[in-house]
Amino acid sequence: MSTIEAFFRTTSEKDLLGCYAWNQAIGARLLPLLADVEVSLRNALHRAVSQYFGKADSFDWMMPRANPVHAAHPTAPPFLPARHKLSPKSKDDVAVVMQKIRGRKPDGYVLTPDDIVAALPLGFWEVLIGGLGHKSQPEGLQEAILAMVFPHAPDTLATPYGSPAFRQRVIDLLKRIREVRNRIGHHDALWVTPEFNRTGVVGYFPRRPRHTVNSLRCFAGNICWFAGWIDPDISTYLRNSDHWWSLQLLLDRQALATYRRLGGAAGTCRTIIETADRPGQVKPRRKHRERLIMQRYFY
């Protein structure tokens, strides 16, 4: 709590708890949006790699294959490597997931690629993208995969799908997304989320609450824009969701001031929703005391 106290310069325990609750409320609205982006990305990657190796929308490209020679020659390894060359860490991720799924299923259950894809962490897909350009991979693999995953990516004439620059841009953007998702998962400080541009390069770090509001608005816009690389309909879906609408209400300096004033108690979010501006509504002039409160909270 001391980090919140220092950043927001809180003046009471109620004020402190309000800032803490605002951070939680922002995370609660961001997490479903991040989940939609992650699911869209992993499904697109799985489909692309499956098409490349198996000419199907779902193929076992990540799973070890039974070695047909093993039956005749027991000294031969029982399994062959996966069709897609994976890093040692990625192989371990797949093995752990397979073991966990088998532990939850009845004896004799046959694992499917979809079972595994649904359980793999976001880091697996980051590593997979990073390894597409490795010299051990088939020539042209990166271009084929990333063109299928991101058919609506911008600037592909200047930065082709097969270039190291395009791959690095995707990795950097995913890193920014994962960092925020991890902050939410570990109840960490969203208020210091830095701004980053559309190549994933980190820029300004918030030093004041008003900077945090702007930075998180930029982050939400960037993840929505990035999802549109896969399919513009995903961006439309995100922007039309209740999570997006409520997030925009909370990413407002007055909303933060309301959380601070009420201490994040039950009904705080409802108060913000009920007092939200409506299209065409004339905003009443703030009372002098309210202006002083705003100035104190947003220096």
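Modeller: R9 counts as partly exposed, at 46% relative accessibility; on this scale, buried means under 20% relative accessible area, exposed over 50% and partly exposed in between, with a 1.4 Å probe and protein chains only. The model is a predicted one, in which local features need pLDDT of at least 70 and side-chain atom pairs count only at pLDDT 80 or more, while totals for chains, interfaces and linings use all residues. Residues are numbered from 1 along each chain as its sequence is written, and side-chain values use heavy atoms, with hydrogens and water left out.

R9 is found in the loop between helix 1 and helix 2; helices (H or I, at least four residues) and strands (E, at least two) are DSSP runs, numbered from the N terminus. Its phi is near 50°, a positive value in a residue other than glycine. The loop between helix 1 (2-8) and helix 2 (13-54) also holds T11, which is exposed, with a relative accessible area of 55%. From T11 to D252 the C-alpha to C-alpha distance is 20 Å, although 241 residues separate them in sequence.

Beyond the other end of helix 2, K55 lies in the loop between helix 2 and strand 1 (65-66). Phi of K55 is again positive in a residue other than glycine, near 55°. K55 is exposed, at a relative accessible area of 68%.

H46 is buried, at 5% relative accessibility. Apart from neighbours within four places in sequence, H46 is in contact (heavy atoms within 4.5 Å) with D57, S58, F59, W61, M62, P113, D114, V117 and W125.

Helix 2 also packs against helix 10 (residues 242-250), at an angle of about 150° and with the axes 9 Å apart. Here, axes are lines fitted to C-alpha atoms, for helices over the stretch in contact, and angles run from 0 to 180 degrees between N-to-C directions. That angle makes helix 2 roughly antiparallel to helix 10, given that angles under 35 degrees count as roughly parallel, over 145 as roughly antiparallel, 65 to 115 as roughly perpendicular and the rest as oblique.

The buried residues of helix 10 are W244, S246, L247, L249 and L250. Their cover includes helix 2, helix 8 (209-230), helix 9 (232-239), helix 11 (253-262) and helix 12 (268-274).

Helix 8, part of that cover, has a further packing with helix 7: the two axes come within 11 Å and cross at roughly 135°. Helix 7 and helix 8 are therefore oblique to each other, and their crossing is left-handed. Helix 7 contributes F166, R169, V170, L173, L174, R176, I177 and V180 to the contact, and helix 8 contributes F219, I223, W225, F226 and W229. These residues divide into 11 nonpolar, no polar and two charged.

R169, in helix 7 (residues 164-185), is buried at a relative accessible area of 11%. Not counting residues up to four places away in sequence, R169 touches P154, D155, R198, T199, W225 and W229.

For context, the chain has 13 helices and two strands, and buried residues make up 43% of its 299 residues. The C-alpha trace spans about 85 × 50 × 35 Å along its principal axes. Of the contacts between residues at least 6 apart in sequence, 60% join residues at least 24 apart.

Key:
A crossing is left-handed if the near helix is turned anticlockwise from the far one by less than a right angle, and right-handed if clockwise. Ala, Val, Leu, Ile, Met, Phe, Trp, Tyr, Cys and Pro count as nonpolar, Asp, Glu, Lys and Arg as charged, and the others, Gly among them, as polar.
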